[in-house]
Amino acid sequence: MAALKPSRTPVILAFDIGGSGIKAMRLDPAGRPLGERNRLSTPHPARPAAVLAVMRSLAASARPFDKVSVGFPGIVRDGVVWSAVNLHDSWVGFDLAKALRKALGKPVRVANDADVQGMGAVKGKGVELVVTLGTGFGSALFLNGVLVPNLELGHHPFRRGETYEEQLGEAALDEVGLKRWNRRLGKAIKVLSRVYNYDALRIGGGNGRKVTLKLPPNVTIVPNTAGLMGGAALWKA
Ligand code: BGC
């Protein structure tokens, strides 16, 4: 009788594309890390071909893997990019899922980065709002663990004629410094809590670790690795 081949747990290669870095990590189907997170700088200009080249080189050092998940910093529908304000205008209309499938030879699922981060961070009970603080301002809304996709709070007016992203994105942090940025975040939390009446607000993104203000009990900081770990959830549906 032929010996049975030992079966290998399927490996998901998760990417998190950001305005300053592109991160990759191998995960098991439950979203548990199977190794270190790798990061390369986002190329500038961040056109599709340049970003894909970086993803290809991250993938080359992550083999073997069976499926690919991507958190993308803009609106994504059926694998196609609808907006990419912090990367490059030439992304609009680009079929990222198709291009990456061709480049890596594996099935690919793509979603908004904040949606993916949320999938890695929510507990699945009640109304959970997720915001991500990084180059941009990401947002995701969940009801009992079910996502309302592509919430784009970042470009909504917040205060002084500016949007949440203009007041709380990386450029604003660089401009006004940690103290004022934290004060602004406190104001944003008050507004969001009145609008969404959430059970929990989860704050992620690379600048989540720069939050020093005292947070209300239903507001927590989640590690930025949730932006990769949530990638496994894209393969659950
Ligand atoms: C984009 C969002 C994205 C966020 C964080 C915003 O500028 O419009 O789709 O989630 O940045 O990357």
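Biologist: What do the side chains of Arg 8 and Asp 66 do?
Modeller: They meet in a salt bridge, 3.0 Å from N to O. Keep in mind this is a predicted model.
Biologist: OK, and where in the chain do Arg 8 and Asp 66 sit?
Modeller: Arg 8 is in the segment before strand S1 (12-17). Asp 66 is in the loop between helix H1 (48-60) and strand S4 (67-72).
Biologist: How exposed is Arg 8?
Modeller: Partly exposed, at 46% relative accessible area. Asp 66 is partly exposed too, at 23%.
Biologist: Switching topic: how many salt bridges does a search of the whole structure find?
Modeller: Three.
Biologist: Which residue does Asp 28 form a salt bridge with?
Modeller: Arg 32, with the closest N and O atoms 2.9 Å apart.
Biologist: Is Asp 28 buried or exposed?
Modeller: Buried: its relative accessibility is 9%, and the cut-off for buried is under 20%. Arg 32 is exposed, at 53%.
Biologist: And what about Glu 128, which partner does that one have?
Modeller: Glu 128 forms a salt bridge with Arg 202, and the closest N and O atoms are 2.9 Å apart. Glu 128 lies in strand S8 (residues 127-133) and Arg 202 in strand S13 (residues 200-204), so the pair ties together parts 74 residues apart in sequence.
Biologist: Are Glu 128 and Arg 202 buried or exposed?
Modeller: Glu 128 is buried, and so is Arg 202.

Technical notes: Residues numbered from 1 in each chain as written. Predicted model: local features only at pLDDT ≥ 70, side-chain atom pairs only at ≥ 80, totals over all residues. Heavy atoms only, no water. Salt bridge = Lys/Arg side-chain N within 4 Å of Asp/Glu carboxyl O. Helix = DSSP H or I, 4+ residues; strand = E, 2+ residues; numbered from the N terminus. Buried < 20%, exposed > 50% of the residue type's maximum accessible area, 1.4 Å probe, protein only.
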